[in-house]
Amino acid sequence: MATEVELETAGTVWKLLVKDGSAVKEGDMLFIMEVMKMEVPYEAPHDGTVKDLNIAEGDVLEEGDIAMEIS
């Protein structure tokens, strides 16, 4: 089952901690957004593999954008 990691708010990708093909466990940190000078971490919703990575450090993104899929 693939799950899209959707952004909850607009901001800038401050730190990207995974790449396409990375194996992750539920709760692993995927990336950190900077939103109004605050750090907002995004964690893996379940165990799986990162695919369709759509973000890079420094990207300015909008609420609802899809960062990646975990399958």
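This is a predicted model: local features need pLDDT of at least 70, side-chain atom pairs count only at pLDDT 80 or more; totals for chains, interfaces and linings use all residues.
Biologist: What makes β1 and strand β8 (residues 66-70) partners, and how many bridges join β1 to β8?

Modeller: Two strands pair if DSSP finds at least two bridges between them. Four bridges join β1 to β8, and the two run antiparallel, so they count as paired by that criterion. Residues are numbered from 1 along each chain as its sequence is written, and side-chain values use heavy atoms, with hydrogens and water left out.

Biologist: Which strands make up the open sheet, and in what order?

Modeller: Four strands form the open sheet, in the order β1-β8-β6-β3, with antiparallel pairing. In general, strands of a sheet pair through backbone hydrogen bonds, either parallel or antiparallel.

Biologist: Why are β1 (3-6) and β3 (23-24) said to stand at the edges?

Modeller: Each has a single partner strand, so one side of β1 and one side of β3 lack a neighbour in the sheet.

Biologist: How many helices and strands does the protein have?

Modeller: The count is zero helices and eight strands. Helices are DSSP runs of H or I with at least four residues, strands are runs of E with at least two, and both are numbered from the N terminus.

Biologist: Why is the protein called as compact as a globular protein of its length?

Modeller: Its radius of gyration is 11 Å, close to the 11 Å that the globule rule gives for 71 residues, so the description holds. The radius is taken over C-alpha atoms, and the rule is 2.2 Å times the number of residues to the power 0.38. The C-alpha trace spans about 30 × 20 × 15 Å along its principal axes.

Biologist: Is E69 buried or exposed?

Modeller: E69, in strand β8, has a relative accessible area of 17% and is therefore buried. Buried means under 20% relative accessible area, exposed over 50%, and partly exposed in between (1.4 Å probe, protein chains only). Of the 71 residues of the protein, 35% count as buried.

Biologist: Which residues does E69 touch, not counting residues up to four places away in sequence?

Modeller: E69 touches A2, T3, E4, T49, V50, K51 and D52; contact means heavy atoms within 4.5 Å.

Biologist: Why does V40 count as partly exposed?

Modeller: Its relative accessibility is 23%, so V40 falls in the partly exposed class. V40 lies in strand β5 (residues 38-43). Leaving aside neighbours within four places in sequence, V40 is in contact with F31, I32, M33 and V35.

Biologist: What phi does M36 take in the hairpin of β4 and β5?

Modeller: M36 takes a positive phi near 50°, in a hairpin with two residues between the strands.
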